[in-house]
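Visitor: Hi! Could you walk me through this one while I have it open on my screen?
Guide: Happy to. Let's bring it up and start.

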Amino acid sequence: IFALAIVGRVAQIQFLEGEKWKAKAETQTTSFVTIEAARGNIFASDGSLLATSKPIYEVRWDAAVPSLKDEYFNENVGQLSRQLSGLFNDKSATAYKRELTKARLNKSQYFLIKRKVDYKQLKKLREFEIFNLGRYKGGLIIHQGNKRAKPFKQLAARTIGYDRENYSVGLEGAYSEQLSGVVGKRLMQKIAGGNLKPLNDVNEVEPEDGSDLITTIDINIQDVAEHALLTQLEKHEAHHGCAVLMEVETGNIKAIANLTLQESGSYAETYNYA
């Protein structure tokens with residue numbers, strides 16, 4: 001009888017309650033996720049920024065946070081929807097309200113509000129109704145990432161270069177190890193839909209920012225060199241050209257300009273002929 005009871009319980013768990021326990025196990029799976037460090041800046045010789053890491057944020061919402069009461073949510077969801085619509089201008093307040101209400105009914109723990117939010121937008125968003133209660137009372141979840149930016153746009157763009165997973169060029173590629181820093185770690189929990197939700201507000205291992213790089217590039221001379229090169233290329237209808245300007249006494253490279261004719265008829269820094 002005892003053996004039959006065990007077999008019966010095994011069958012019940014396996015076949016009748018299998019999906020329930022499988023779903024629960026999946027939502028309770030935790031793992032460490034790598035957090036990228038802030039990449040170091042690249043400077044011109046006078047301290048002007050040639051490349052920098054611009055913080056960019058992903059905003060999510062835990063609609064099932066226990067301390068957020070239904071009465072408070074229902075009173076303020078309309079105002080929050082209008083505020084979100086006015087901030088992002090991507091959908092109507094009605095659409096936002098419908099989505100937030102649905103997330104609340106479904107008890108979504110990781111509802112996506114917006115990707116690629118800049119710091120100014122985030123600062124305003126923190127003051128919105130419900131979200132101004134913070135993480136544990138209002139359910140606001142914020143993930144910070146970093147986006148590489150060139151303040152001078154195309155000026156010396158190819159010399160500055162970029163660092164991608166399978167292809168790296170220029171200063172970004174040559175000094176990638178020094179610029180990259182040391183990654184951190186955060187404990188995340190797998191929830192419904194395959195998403196990962198942070199278990200703590202703080203990281204288990206904090207990332208260490210990368211080192212800065214100071215170059216010999218003179219941004220004013222770089223500007224003059226590119227314009228001079230562009231003038232000659234347009235004059236002779238050339239496909240491409242390059243110019244390197246060196247300070248003879250020191251050997252310091254003050255400017256590198258590379259321009260290639262594009263299909264649109266304009267010139268851009270796309271290949272390092274120098």
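**A chat about the model**

Visitor: Let's start with N76. Which helix is N76 in?
Guide: N76 sits in helix α3, which covers residues 70–88. Keep in mind that this is a predicted model.

Visitor: Is N76 buried or exposed?
Guide: N76 is buried, because its relative accessible area is 12% and the cut-off for buried is under 20%.

Visitor: What lies 2.8 Å from a polar atom of the N76 side chain?
Guide: That is the backbone oxygen of Y72.

Visitor: And which residues does N76 touch, leaving out those up to four places away in sequence?
Guide: N76 touches E129 and I130.

Visitor: Where does I130 lie?
Guide: I130 is in the loop between α5 (119–125) and α6 (135–138). I130 is buried too, with a relative accessible area of 0%.

Visitor: What about the phi of I130?
Guide: Phi of I130 is near 70°, a positive value in a residue that is not glycine. Most residues other than glycine have a negative phi.

Visitor: Okay, and which loop holds E237?
Guide: E237 lies in the loop between α10 and β11. E237 also has a positive phi, about 55°, although it is not a glycine.

Visitor: Is E237 buried or exposed?
Guide: E237 is exposed: its relative accessible area is 72%, and exposed means over 50%.

Visitor: Moving on to the sheet with β11. What is the strand order there?
Guide: Three strands form an open sheet in the order β11-β12-β13, and the pairing is antiparallel. The edge strands are β11 (240–246) and β13 (267–268), each pairing on one side only.

Visitor: Which helix packs on that sheet?
Guide: Helix α10, residues 219–236, packs on the sheet and touches β11, β12 and β13. The direction of α10 makes about 30° with that of β12.

Visitor: How many bridges join β11 and β12?
Guide: β11 and β12 pair over 7 bridges, in the antiparallel sense. C242 has N258 of β12 as its bridge partner.

Visitor: What happens in the hairpin of β11 and β12?
Guide: There are 6 residues between the strands, and G251 takes a positive phi near 80° in that hairpin.

Visitor: And how many bridges do β12 and β13 have?
Guide: Strand β12, residues 253–261, pairs with β13 over 2 bridges, again antiparallel. T260 stands opposite A268 in β13.

Visitor: Switching topic: what is the volume of the second largest pocket?
Guide: About 480 Å³. Of the 18 residues lining that pocket, the closest to its centre are E36, R39, N146, R148 and D163.

Visitor: Which elements give two or more residues to that lining?
Guide: Those are β5 (140–149) and β6 (162–163). The largest share, 4 residues, comes from β5.

Visitor: Last one: where is V169 found?
Guide: V169 is in strand β7, residues 168–169. V169 is buried, with a relative accessible area of 8%.

Visitor: Which residues does V169 touch, again leaving out those up to four places away in sequence?
Guide: V169 touches R158, I160, G161 and Y162. V169 and R158 are 11 residues apart along the chain, and their C-alpha atoms are separated by 7.8 Å.

Visitor: Great, thanks for the tour!

Methods:
Residues numbered from 1 in each chain as written. Heavy atoms only, no water. Buried < 20%, exposed > 50% of the residue type's maximum accessible area, 1.4 Å probe, protein only. Polar contact = N/O pair within 3.5 Å; in protein donor to acceptor, adjacent residues only side chain to side chain. Contact = heavy atoms within 4.5 Å. Pairing = 2+ DSSP bridges. Axes fitted to C-alpha atoms, helices over the stretch in contact; angles between N-to-C directions. 1 Å grid on protein atoms, 1.4 Å probe; cavity = no way out; pocket = protein on both sides within 12 Å on 5 of 7 lines; lining within 4 Å. Points joined across faces, edges and corners; volume = space filled by probe spheres on them.
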